[in-house]
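Please look over the sequence and the model before reading on, and keep both in view while you work through the points below.

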Amino acid sequence: MDLKEIRKIVELMNEHGLTVFDMSKEGFHLKLRKGPDLDALRGMMAAAPAAPVYAAPAPAAAAAPAAAAAAPAAEGEAITSPMVGTFYRKSSPDAPPFVNVGDAVSEGQTLCIIEAMKVMNEIKAEKSGTISAVIAEDGNPVQFGDILFRIK
């Protein structure tokens with residue numbers, strides 16, 4: 001077997017997503033492996049000392065009352081993202097935010113900008129009220145349906 005044949009086998013492995021190729025002929029053995037050696041990794045994992053397992057029921061029990069206490073804090077109706085993009089509270093880095101907690105807003109007022117595919121989309125209030133919470137973080141990605149603000 002020559003180098004051209006081995007290269008062709010490697011190309012076929014890449015083309016078909018194969019990670020192991022093993023071929024034996026008269027007096028010839030070829031074994032190709034792409035990626036990590038899983039057998040060696042399994043052996044190292046088996047030889048590694050097992051980490052102790054600690055039971056922690058107290059923090060889990062404490063989390064339930066904290067979640068119940070957080071629910072009343074979510075006052076007002078959610079204003080959700082109509083698209084996927086990057087959330088911005090202000091029109092430019094040195095500008096003040098469009099709205100802050102406690103601000104009274106009227107229907108049609110710009111609340112934020114969501115950048116999607118290099119297009120800045122103004123998100124406007126669908127109803128009048130007072131901003132009770134700013135949920136999304138400035139400059140972070142948001143998904144369709146993510147809560148941006150709460151208004152009451």
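In what order do the 4 strands of the open sheet that contains β6 follow one another, and is their pairing parallel or antiparallel? The order is β7-β6-β4-β9, and the pairing is antiparallel. In this sheet β7 and β9, the latter covering residues 141-142, stand at the edges with a single partner strand each, so one side of each is left without a neighbour in the sheet. Please keep in mind that the model is a predicted one, and that the points below describe this prediction.

**The chain as a whole**

- The protein chain contains 3 helices and 10 strands, and when it is read along the sequence these elements follow the pattern α-β-β-α-α-β-β-β-β-β-β-β-β.
- Of the 152 residues in the protein chain, 20% count as buried, while the chain exposes about 10,700 Å², of which carbon and sulfur atoms supply 60%.

- Strand β6, which spans residues 110-116, is joined to β7 by 6 bridges, and the two strands run antiparallel.

- Ile114 has its place in strand β6, and it counts as buried because its relative accessibility is 0%, where the cut-off for buried is under 20%.
- Leaving aside neighbours within four places in sequence, Ile114 is in contact with a set of residues that includes Thr86, Val119, Met120, Asn121, Ile123, Val142 and Leu148.
- The C-alpha atoms of Ile114 and Gly139 are separated by 9.3 Å, and these two residues are 25 residues apart along the chain.

**The other open sheet**

- Another 4 strands form an open sheet, in the order β3-β10-β8-β5, and the pairing is again antiparallel.
- At the edges of this sheet stand β3 and β5, the latter covering residues 104-105, and each has a single partner strand, so one side of each is left without a neighbour in the sheet.
- Strand β8, residues 129-134, and strand β10, residues 147-151, run antiparallel and are joined by 3 bridges, and Ile131 stands opposite Ile151 in β10.

**The largest pocket**

- The largest pocket has a volume of about 210 Å³, and the residues that line it include Glu77, Thr80, Pro82, Ile123, Lys124, Glu126 and Ile151.
- Two strands, β3 (77-80) and β7 (119-124), each supply at least two residues of the lining of the largest pocket, and the largest share, 4 residues, comes from β3.
- Sorted by class, the lining of the largest pocket has 6 nonpolar, 2 polar and 4 charged residues.
- Pro82 and Ile123 are among the residues that line the largest pocket, and both are also found among the contacts of Ile114.
- Ile151, which stands opposite Ile131, is likewise one of the residues that line the largest pocket.

Terms used. Residues are numbered from 1 along each chain as its sequence is written. This is a predicted model: local features need pLDDT of at least 70, side-chain atom pairs count only at pLDDT 80 or more; totals for chains, interfaces and linings use all residues. Side-chain values use heavy atoms; hydrogens and water are left out. On a 1 Å grid over the protein atoms alone, a cavity is a set of points where a 1.4 Å probe fits but cannot get out, and a pocket is an open set with protein on both sides within 12 Å along at least five of seven lines; lining residues have an atom within 4 Å of a point. Grid points are joined across faces, edges and corners, and a volume is the space filled by probe spheres set on the points. Ala, Val, Leu, Ile, Met, Phe, Trp, Tyr, Cys and Pro count as nonpolar, Asp, Glu, Lys and Arg as charged, and the others, Gly among them, as polar. Buried means under 20% relative accessible area, exposed over 50%, partly exposed in between (1.4 Å probe, protein chains only). Contact means heavy atoms within 4.5 Å. Two strands pair if DSSP finds at least two bridges between them. Accessible areas come from the Shrake-Rupley method with a 1.4 Å probe; for residues, only the protein chains shown count as cover.
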